[in-house]
Amino acid sequence: AQGLLCFAILVTAYWLQEYAEPYSRADFNRMELISLSVGIVSIYCGLYFVSDDTDKSWETLLFLLLVAINGAFLVYIFSKILAALPDHMRKKCPKLYACFAYRRSPSVAPVTKNPDLSQDDQQGLL
């Protein structure tokens with residue numbers, strides 16, 4: 001009964017999230033929908049585990065499905081966090097960001113010699 005109630009609450013939350021889109025950024029709304037979807041699939045698969053008539057091979061398949069879906073979700077969330085980290089660091093810790101940004105910046109392209117300039121002028125450019 002608790003699993004079904006949780007399932008119903010998650011489905012209702014998914015519907016409300018999709019309808020209302022409460023976050024100002026579309027990617028936040030999408031992440032929330034994906035999170036609720038993973039929760040719905042997890043609870044739905046979990047309901048099969050508590051039933052008595054589930055075959056062992058079916059349980060193994062459901063377990064692998066749960067691991068794969070939750071693992072993919074973790075990778076997705078961590079990729080979003082890592083993508084947002086530089087911007088967050090730039091706003092909250094500009095000195096630390098400048099230190100890391102300086103190390104990551106591409107090397108400056110080498111200066112090529114201009115045959116129209118004298119040797120002294122070229123030395124001044126380098």
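Which residues line the largest pocket? In this predicted model, where local features need pLDDT of at least 70, side-chain atom pairs count only at pLDDT 80 or more, and totals for chains, interfaces and linings use all residues, the lining consists of Arg-25, Asp-27, Phe-28, Met-31, Lys-80, Ala-84, Asp-87, His-88 and Lys-91. Residues are numbered from 1 along each chain as its sequence is written, and side-chain values use heavy atoms, with hydrogens and water left out.

## The largest pocket

A pocket is here an open set of points on a 1 Å grid over the protein atoms alone, where a 1.4 Å probe fits, with protein on both sides within 12 Å along at least five of seven lines, and its lining residues have an atom within 4 Å of a point. The space in the largest pocket comes to about 230 Å³, a volume being the space filled by probe spheres set on the points. Helix 2 (26-50) and helix 3 (56-92) each supply at least two residues of this lining, and helix 3 gives the most, with five residues; helices are DSSP runs of H or I with at least four residues, numbered from the N terminus.

By class, the lining holds five charged residues, three nonpolar ones and one polar one, where Asp, Glu, Lys and Arg count as charged, Ala, Val, Leu, Ile, Met, Phe, Trp, Tyr, Cys and Pro as nonpolar, and the others, Gly among them, as polar. Two of the lining residues, Arg-25 and Phe-28, also meet in another way, since the charged end of Arg-25 sits over the ring of Phe-28, 4.5 Å from its centre (CZ of Arg or NZ of Lys within 6 Å of the ring centre and within 35 degrees of the ring normal).

## Aromatic pairs

Five aromatic pairs are found in a search of the whole structure; rings of Phe, Tyr and Trp (its six-membered ring) pair if their centres lie within 6.5 Å, with planes under 30 degrees apart counted as stacked, over 60 as edge-to-face and the rest as tilted.

Phe-7 in helix 1 (residues 2-20) and Tyr-44 in helix 2 are 37 residues apart, so their pair links distant parts of the chain. Tyr-48 lies in helix 2 and Trp-58 in helix 3, so that pair ties together parts 10 residues apart in sequence. Phe-7, Tyr-44, Tyr-48 and Trp-58 form one aromatic cluster.Phe-7, at 23% relative accessibility, counts as partly exposed (between buried, under 20%, and exposed, over 50%, with a 1.4 Å probe and protein chains only), and Tyr-44 is also partly exposed, at 42%.
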